[in-house]
Amino acid sequence: MGRAIFELVSPFEPKGDQPRAIEKLVEGVRKGMRFQVLLGVTGSGKSFTIANVIKKLGMPAIIIEPNKTLAGQIYMEFRSFFPKNAVEFLVSYYDYYQPESYLPEYDLYIEKEAIINEEIDRLRHSATRSAISRKDVIICATVSCIYNIGSPYHYGAMKLRIREGERISMFEFLRKLVASGYARNDLEFKRSTFRVRGDSVDIFPAYEESTYVRVEFFGDEIDSIKIMDSFSGTQIGRVKEIEIYPGNHYIAPDEDFRRALYSIRKELEERYRELLQAGKVQEAERLKKRVNHDLEMLENLGYCKGIENYSRHFDGREPGQPPYTIFDYFTDDFLIFIDESHITVPQLHAMYKGDYTRKKNLVEYGWRLPSAYDNRPLKFEEFEKFMKHVIFVSATPGDWELQVAEQVVEQIVRPTGIVDPPVEVRPAKEQIKDVVREIKSTIEKGWRAFVITLTKRQAEELSEHLTSLGIRSRYIHSEIDTVERMDILRDLRMGVFDVLVGINLLREGLDVPEVALVAILDADREGFLRSERSIIQIAGRAARNIESKVILYADRITQSMEKALKEMERRRNIQLEYNRKHNITPKTVSKDIRQFVITKDKREAPEISDWYDFPISEVPPSKIPEVIRDLEKKMKEYAKQLEFEKAAKVRDKIRELKSFLLQLGEF
């Protein structure tokens with residue numbers, strides 16, 4: 001099997017533990033190891049290590065992140081690493097998604113409501129096209145990559161290969177375009193559409209952003225193929241041959257399409273009889289009416305709302321067979337990197353059950369055919385079949401990853417030379433008094449502090465207590481949304497306040513070099529928030545400042561604490577020894593605050609004006625529909641730019657406005 005050429009562009013060379021980690025991971029893959037773990041501490045440059053592994057192995061790769069934010073970050077990072085290769089982005093294309101569901105206890109059917117992000121949809125098409133046609137591809141994805149995405153066999157079979165000089169009538173050419181998922185639109189020319197102008201046909205491929213293809217005919221022959229700029233309409237190139245991939249992932253050749261309609265009707269007949277025999281007359285009639293309506297839409301338009309629920313019929317799969325995912329689109333062996341594996345792997349385990357539970361009521365009560373179950377994510381054991389070359393990446397790998405790994409590669413030493421902070425254990429009896437003294441000492445040095453509590457109430461009360469002592473403090477917990485959370489962290493970095501109190505400060509983005517104290521209250525209370533991994537992850541928040549330290553307040557040393565303390569001390573000793581051996585003097589990380597989070601300073605964020613920032617109750621009802629429309633445009637713009645936190649903030653404002661209109665009876 002030939003290897004792809006990946007050209008890594010970076011001003012840096014691997015340092016610290018990176019060269020050894022790269023060498024061992026590459027060697028592991030070449031030896032046929034199925035599972036490996038990259039145990040890399042915070043700030044050790046794990047992304048750069050991954051990039052070098054891909055370059056050396058020359059294999060396609062998919063990097064799976066636990067959420068869109070991290071996927072977006074690594075996508076932008078890898079685009080800069082590999083500007084000449086196909087770096088793609090595959091996440092859920094919904095800006096807003098309310099899944100279809102039924103609550104039998106209230107007899108309440110909730111219809112699916114979704115706002116599709118056109119830019120992310122384009123990137124998904126670009127990802128499938130690259131995976132099926134190239135070897136030098138890296139896909140940055142979220143856990144949604146294990147969801148059904150349509151058959152790669154139909155996707156490949158329905159592409160159009162257009163050649164200059166080919167004899168084909170324009171009518172036949174347009175028929176093939178429609179069959180491939182493109183719609184004619186002579187007025188609004190956009191992705192997945194085509195238009196006809198005299199003897200030329202313009203095609204806007206589903207995966208292109210700023211160019212389209214102009215096919216010019218001379219009689220029944222293709223005379224020329226031109227690449228056009230979508231903004232100016234000017235020619236930017238000419239080719240002899242080109243491939244146009246389908247405009248829709250859920251397509252099928254005519255024969256398979258007709259077979260699918262027949263299969264859907266057959267399933268409806270069988271399910272209708274089952275429901276009647278069970279005495280569920282209302283459910284049977286409801287299902288019959290709904291599916292017949294969908295069949296009519298499919299026959300006349302080739303599409304219906306919720307077509308993905310019939311995907312098993314179009315794909316030709318048997319009941320229970322796994323759906324097609326992005327992994328089926330790769331034509332060669334590929335690498336899988338599962339980042340933040342201690343979070344991501346449990347998500348991958350749980351997704352199938354969550355999807356099945358929601359659909360069970362829809363099927364049982366006649367809203368969907370049983371084949372809707374097969375429009376689903378992969379079961380974990382099905383996902384495992386694709387795991388030929390997997391590298392789990394985490395500072396605290398989970399038990400399952402460590403159990404299956406044939407090799408654990410450590411990346412403990414940071415290129416910057418910064419070492420893990422020292423950790424102290426102090427009695428919990430007078431923890432509040434002691435932590436106040438430590439906070440004051442930290443503030444006097446010009447640094448900030450994190451204090452971790454066990455409960456929301458404790459966080460709020462401690463924050464109020466610190467404020468009463470003249471210490472500028474804020475608290476954070478799960479009820480504070482992502483964007484406000486980021487604003488709070490920005491204010492902490494800028495010195496608007498000095499202490500942040502919270503229950504769980506493990507989330508991504510808590511990279512605050514100004515924090516020189518992390519204090520964990522009641523550290524001896526065994527549980528998820530005081531587990532070995534949680535303690536190590538929390539302590540890692542202080543690993544950006546050379547003056548930092550971690551204090552655990554506890555009256556006894558729990559098993560979790562003992563394991564965490566031993567592991568943190570081991571890592572610290574390795575880092576100190578490396579610095580001594582190589583004569584390295586570490587420095588506190590310096591990081592631009594403006595690059596860190598979303599600004600809430602109105603002078604720096606003029607994009608939201610008028611009524612947008614006012615409390616809901618102060619917005620005139622007559623203005624709300626206009627504000628909602630403007631905010632929806634803004635939300636789509638942010639999502640197109642991969643600024644998901646901003647998009648989420650605007651989305652939440654839209655929900656509040658719609659809810660307010662509902663209360664007024666005007667929406």
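So, strand β1 and strand β18, residues 390-394, run parallel and are joined by five bridges. This is a predicted model, by the way, so please keep that in mind as we go. If you want to find that pairing on the screen, look for F35, which stands opposite V390 in β18.

Now, β1 has another partner too. It pairs with strand β19, residues 407-411, in the parallel sense, again over five bridges. Here the spot to look for is G40, whose bridge partner in β19 is Q411.

Okay, on to another sheet. Which strands make it up, and in what order? Six of them, going β10-β11-β12-β13-β14-β15, in an open sheet with mixed pairing. At the edges you have β10, at 183-184, and β15, at 235-239, and each of those pairs on one side only.

Let's zoom in on one pair there. Strand β11, residues 193-197, and strand β12, residues 200-204, are antiparallel, with five bridges between them. F194 has I203 in β12 as its bridge partner. Then there's a helix across this part: α6, residues 170-179, lies across β11, β12 and β13, and runs at about 10 degrees to β12.

Next up, two helices. α7 covers residues 254-277 and α8 covers 281-301; they pack with their axes 9 Å apart, at an angle of about 170 degrees. Because of that angle, α7 counts as roughly antiparallel to α8. What sort of residues sit in that contact? We get 13 nonpolar, one polar and six charged. On the α7 side they include F257, L261 and R265, and on the α8 side they include L287, K288 and E299.

Last stop: R376. You'll find this arginine in the loop between α10, 341-364, and α11, 380-384. Buried or exposed? R376 is buried, because its relative accessible area is 2%, and the cut-off for buried is under 20%. A polar atom of the R376 side chain lies 3.2 Å from the backbone oxygen of G320. Leaving out residues up to four places away in sequence, R376 touches quite a list, among them I146, Y147, N148, Y352, D355 and E382. G320 is in that list as well, along with Q321, P322 and P323.

Notes:
Residues are numbered from 1 along each chain as its sequence is written. This is a predicted model: local features need pLDDT of at least 70, side-chain atom pairs count only at pLDDT 80 or more; totals for chains, interfaces and linings use all residues. Side-chain values use heavy atoms; hydrogens and water are left out. Two strands pair if DSSP finds at least two bridges between them. Helices (H or I, at least four residues) and strands (E, at least two) are DSSP runs, numbered from the N terminus. Contact means heavy atoms within 4.5 Å. Axes are lines fitted to C-alpha atoms, for helices over the stretch in contact, and angles run from 0 to 180 degrees between N-to-C directions. Angles under 35 degrees count as roughly parallel, over 145 as roughly antiparallel, 65 to 115 as roughly perpendicular and the rest as oblique. Ala, Val, Leu, Ile, Met, Phe, Trp, Tyr, Cys and Pro count as nonpolar, Asp, Glu, Lys and Arg as charged, and the others, Gly among them, as polar. Buried means under 20% relative accessible area, exposed over 50%, partly exposed in between (1.4 Å probe, protein chains only). A polar contact is a pair of N or O atoms within 3.5 Å; within protein, one must be able to donate a hydrogen and the other to accept it, and residues adjacent in sequence count only if both atoms are side-chain atoms.
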